[in-house]
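Here are some notes for a first reading of this structure. Please keep the sequence and the 3D view open while going through the points.

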Amino acid sequence: MSDDRVLEHILNPSAPVNATLPKVQDDPEPESPVAAEAKKLEVKAVKLAEMGKLQESLQGFNEAISIAPEVASLYNNRAQLYRLLNQIDNASDDIETALRLSGGKGKTAMQAYSQRAMVHVLNKNEEAARLDFERSAELGGKFAACQAAKLNPYAKLCNEMLEKAMQELQ
């Protein structure tokens, strides 16, 4: 293990030690003019959410979905907004739709698996969360890889033992 990897593990002990994550695969470009227009509406809706205009953002996502219901990222991003609005059931429905439409592949699926994992965490279902974080990590999700490691019972035990050993050395 290189010095950089050792240092990374010391500074970020929850990150998997030998993790080499795949490159995140971009989602396919919109094939129709309608889907391209929906993607523009999606970008606008995301910006509105970032400005705290959540209801306007929701209207934008709804409009985009109404004209291009086959675009997975629209559902994934609306799910994020629903989570911000504390509408977890709606978020869960959109996450499932995003995963179905994406075929479980690409950037949208990576993000949707992480979102579903976060919903599992809210519901205190650590095992389901860990599995979804692992699925996201398999698609290149760095955040997900760290979260999966934190939830791994063996990693937890190893980190506790390492922390104890480091404390005893000080």
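Predicted model: local features only at pLDDT ≥ 70, side-chain atom pairs only at ≥ 80, totals over all residues.

1. Because D132 and R135 are three residues apart in helix α7, about one helical turn separates them. The relative accessible area of D132 is 1%, and D132 is therefore buried, given that buried means under 20%. R135, by contrast, has a relative accessibility of 35%, so it counts as partly exposed. Through salt bridges that share partners, E96, R116, D132 and R135 are joined into one network.

2. Helix α7 also holds E127 and R130, which are three residues apart, or about one turn of the helix. These two form a salt bridge, and their closest N and O atoms are 2.5 Å apart.

3. Helix α5 (residues 88-102) deserves a separate look: it has 15 residues, and the distance from its first C-alpha to its last is 21 Å, close to the 21 Å expected at 1.5 Å a residue. Its buried residues are I88, A91, D94, I95, T97, A98, L99 and S102, and they pack against α4 (72-84) and α6 (106-122). Just after α5 comes G103, which takes a positive phi of about 70 degrees.

4. Within α5, a student may wish to look at D94. Why does D94 count as buried? The reason is that its relative accessibility is 5%, and the cut-off for buried is under 20%. Leaving aside residues up to four places away in sequence, D94 touches Y75, R78, A79 and Y82.

5. On the surface, L162, M166 and L169 form a nonpolar patch, and together they have about 310 Å² of accessible area. M166 belongs to helix α9, which covers residues 153-169. With a relative accessible area of 41%, M166 is partly exposed, because that class lies between the limit for buried, under 20%, and the limit for exposed, over 50%.

6. Finally, some values describe the chain as a whole. The chain has nine helices and zero strands, so that, read from the N terminus on, its elements run α-α-α-α-α-α-α-α-α. Of its 170 residues, 38% count as buried. The chain exposes about 10600 Å², and carbon and sulfur atoms supply 54% of that area. Among contacts between residues at least 6 apart in sequence, 50% join residues that are at least 24 apart.

How values were computed: Residues numbered from 1 in each chain as written. Heavy atoms only, no water. Patch = residues over 30% accessible without salt bridge, like charges linked within 9 Å, V, L, I, M, F, W, Y side chains within 5 Å. Areas by Shrake-Rupley, 256 points an atom, 1.4 Å probe, with all protein chains shown as cover. Salt bridge = Lys/Arg side-chain N within 4 Å of Asp/Glu carboxyl O. Helix = DSSP H or I, 4+ residues; strand = E, 2+ residues; numbered from the N terminus. Buried < 20%, exposed > 50% of the residue type's maximum accessible area, 1.4 Å probe, protein only. Expected span 1.5 Å × (residues − 1). Contact = heavy atoms within 4.5 Å.
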